[in-house]
Structure formats: C-alpha cells, structure tokens
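Dear colleague,

Please find below the structure that I am handing over to you, together with its sequence.

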Amino acid sequence: VDCETDPTVGLNALAKHVYEIAASKGWHDTDPLPRAATMLVNIHGEVSEAWEEVRKADFDPTRIYASEKGKPEGLPVELADVLIRVLDMAAALGIDIEHAVRLKSAFNETRPHRHGGKRA
Ligand SMILES: [Mg+2]
C-alpha cells in the first residue's frame, strides 16, 4: 500500500505510515506514555505555525511556497503538520484514530444547532 498516493488508505494506515517515518528518525526511541504531554505540545506548536501563516500580510490559504532551504511552507503545510503529529501520536499510543473520528463525528451530528450557546 502506498500511503502517500493511494486515496483509499484509511487514517490508521496513514497513522502507521507517519509513525514509522518518525520512528526511523529516532523520535520513538523511548516509551511513548511519558512523552504524551510533549506530543500534545508539539501538535500545538504546529497550530501556532499555522497561526503565523494566517497573520502574514500576503496570506493566501492555499499557497504553498518553499523556504530558502527548500522546505515546503504555507497554511496547507502547517495543517498537514498538525495532522501528521496527531496521527503519529495516535499510532504511538495505540489509539484507533479512525474509529475515534467516526465515533465523534457521529455524535457531533446529533448535537443541536450551535450547541452550548458559545459565539465561536
Ligand atoms: Mg510546521
């Protein structure tokens, strides 16, 4: 299965794929449980990088550009980083993220219009 090009690959297979890449780079050399908080902080770090993209004067939501070193940048890339870190964390901790997404989406469908009365 080619996780990078096959559109039929599910979230759990993609999670395993991104986990294996991270593991091959040495990011999973120790027990993942004590690192759970750090993994969450790293997800937040990617959200912050996405926020920095949105703040730019020339912000274009779909633009992907290369940094001076050739690294892909832009909101799509930072959102991808968020997803990659979420999927990696799920795989590292043995979470069935595909089931969790379907379960929570089904629950969200049952919620009332703008439930909770919050503005955003
Ligand atoms: Mg990033």
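**The magnesium site**

In this predicted model, a magnesium ion is coordinated by E46 (OE), E49 (OE), E78 (OE) and D81 (OD), at 2.0 to 2.2 Å. Along the chain, these donors follow the spacing E-x2-E-x28-E-x2-D.

An α-helix has 3.6 residues a turn, so residues three or four places apart point the same way. E46 counts as buried because its relative accessibility is 8%, under the cut-off of 20%. E49, in contrast, has a relative accessibility of 35% and therefore counts as partly exposed, a class that runs between 20% and 50%.

**Helix α1**

Helix α1 comprises 14 residues (residues 11-24). From its first C-alpha to its last it reaches 20 Å, close to the 20 Å expected at 1.5 Å a residue.

Which residues of α1 are buried? They are A15, H17, V18 and A22. These residues lie on the same side of α1, because they cover an arc of only 160° around the axis. What covers them includes α3 (75-92). On the other side of α1, K16 and S24 are exposed.

Just after α1, G26 takes a positive phi of about 90°.

Yours sincerely

Note on methods:
Residues are numbered from 1 along each chain as its sequence is written. This is a predicted model: local features need pLDDT of at least 70, side-chain atom pairs count only at pLDDT 80 or more; totals for chains, interfaces and linings use all residues. Side-chain values use heavy atoms; hydrogens and water are left out. Donors are N, O and S atoms within 2.8 Å of the metal (3.2 Å for Na, K and Ca); water is not among the atoms, so sites may look incomplete. Buried means under 20% relative accessible area, exposed over 50%, partly exposed in between (1.4 Å probe, protein chains only). Helices (H or I, at least four residues) and strands (E, at least two) are DSSP runs, numbered from the N terminus. The expected span of a helix is 1.5 Å times one less than its number of residues. The arc is that of the directions from the helix axis to the C-beta atoms. Contact means heavy atoms within 4.5 Å.
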